[in-house]
Amino acid sequence: MEMADLGDVRLHYRIDGDPDGAPVVFANSLGTDLRLWDKVLPLLPQGLKFIRYDKRGHGLSSMPKAPYAMGALVSDVEKLCDQLNIRDCVFVGLSIGGMIAQGLAVKRLDIVRALVLSNTGAKIGTKEMWQERIDAVNAGGIEPLADPVMERWFSKRFRETGELEAWRNMLVRQPAEGYAGCSAAIAGSDFYTPTSGLRLPALGIAGDQDGSTPPDVVRETIDLIPGARFHLIRGAGHLPCVENPEEYAEVLGGFLKEVGHV
């Protein structure tokens, strides 16, 4: 297990694939850790270097005092990339990871050469909605929210499988303060203007049964970037890389080839 000491936070990260390959960085969703990408990575083209990490307050990373600002989450992965000497990567972000991706691309085009915005938005929800969730987590932890979250995350078909329990367990075992801290970062973020200024290859991925970031939200966001394309995965919710890793990897792998990363 690798830990990067970035000063105010220590991030747990993992590198897979070819250590000399072109880099692909993955940022996962609220309430998950870097295992989110386990099913997809073996299906992607060979010869690439895959970097995953747990954001602050999640997984095995440290948990600075909440709340967090989106700028801090962007700065965390920026410092990680600098420490690992990552340049010209394709950055894949899902949900809050997609907001981090937008922020990093706006800030550091030397790090990000192409962008995959999966199940995310330039803005997600409202401040009031997130404050209600933060208050609920601070009062009673994540467990009371878990079943409604599972409904937003996964299709009915997937929720009937035994695998659901593992993802529910992953969610409720995240630190409540870390979950609430990152929720505050989402609540305060609006990337419509900065993202509309981006000029780089970009792909949007959505699930047609996503209850957290419906396809229209993803499409509206990816359309801010001229020339970007959009792909809808049918029968999947907020985490299509879990529900349909084969199609997800096919679409992502095709994009990596299109932009000359493979």
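What follows is a working chat about a predicted model.

Q: Ok, what order do the strands take in the open sheet?
A: This is a predicted model, to be clear. The open sheet has eight strands in the order 1-2-4-3-5-6-7-8, and the pairing is mixed.

Q: Which ones are the edge strands?
A: Strand 1, residues 2-5, and strand 8, residues 229-233. Each of them pairs on one side only.

Q: And by how many degrees are neighbouring strands turned against each other?
A: On average 25 degrees, with direction ignored.

Q: Let's go to strands 5 and 6. How many bridges join them, and do they run parallel or antiparallel?
A: Strand 5 (residues 89-94) and strand 6 (residues 112-118) run parallel, with six bridges joining them.

Q: What stands opposite V92 there?
A: V116, which belongs to strand 6.

Q: Is strand 6 largely enclosed or open?
A: Largely enclosed by the rest of the structure, because six of its seven residues are buried.

Q: Which strands does helix 9 lie across?
A: Helix 9, residues 215-222, lies across strand 6, strand 7 (202-207) and strand 8. Against strand 7 the helix runs at about 175 degrees.

Q: Buried or partly exposed?
A: Partly exposed, because the relative accessible area of Q209 is 38%.

Q: What does Q209 touch, leaving out residues up to four places away in sequence?
A: R152, S155, K156, G235, A236 and G237. Take G235 from that list: Q209 and G235 are 26 residues apart in sequence, yet their C-alpha atoms are 6.3 Å apart in space.

Q: What about pockets? How much space lies in the largest one?
A: About 390 Å³.

Q: How many residues line it, and which lie nearest the centre?
A: The lining has 23 residues, and those nearest the centre of the largest pocket are D33, L34, R35, D38 and M170.

Q: Which element gives the largest share of that lining?
A: Helix 6, with four residues. Strand 2 (10-17) and helix 6 (164-172) each supply at least two residues of the lining.

Q: While we're on strand 2, is H12 buried or exposed?
A: H12 lies in strand 2, and at 8% relative accessibility H12 counts as buried.

Q: What's H12 in contact with, beyond its neighbours within four places in sequence?
A: M1, E2, M3, L34, R52, Y53, D54, L60 and S61.

Q: How far are the C-alpha atoms of H12 and D33 from one another?
A: They are separated by 9.7 Å, and the two residues are 21 residues apart along the chain.

Q: What phi does D88 have, and where is it?
A: D88 has a positive phi of about 55 degrees although it is not a glycine. D88 is in the loop between helix 1 and strand 5.

Q: And S95, what phi does it have?
A: A positive one of about 60 degrees, and S95 is not a glycine. Look for S95 in the loop between strand 5 and helix 2 (96-107).

Q: Which of the pair is buried and which is partly exposed?
A: S95 counts as buried, at 9% relative accessibility. D88, at 43%, counts as partly exposed.

How values were computed
Residues are numbered from 1 along each chain as its sequence is written. This is a predicted model: local features need pLDDT of at least 70, side-chain atom pairs count only at pLDDT 80 or more; totals for chains, interfaces and linings use all residues. Side-chain values use heavy atoms; hydrogens and water are left out. Two strands pair if DSSP finds at least two bridges between them. Axes are lines fitted to C-alpha atoms, for helices over the stretch in contact, and angles run from 0 to 180 degrees between N-to-C directions. Contact means heavy atoms within 4.5 Å. On a 1 Å grid over the protein atoms alone, a cavity is a set of points where a 1.4 Å probe fits but cannot get out, and a pocket is an open set with protein on both sides within 12 Å along at least five of seven lines; lining residues have an atom within 4 Å of a point. Grid points are joined across faces, edges and corners, and a volume is the space filled by probe spheres set on the points. Buried means under 20% relative accessible area, exposed over 50%, partly exposed in between (1.4 Å probe, protein chains only).
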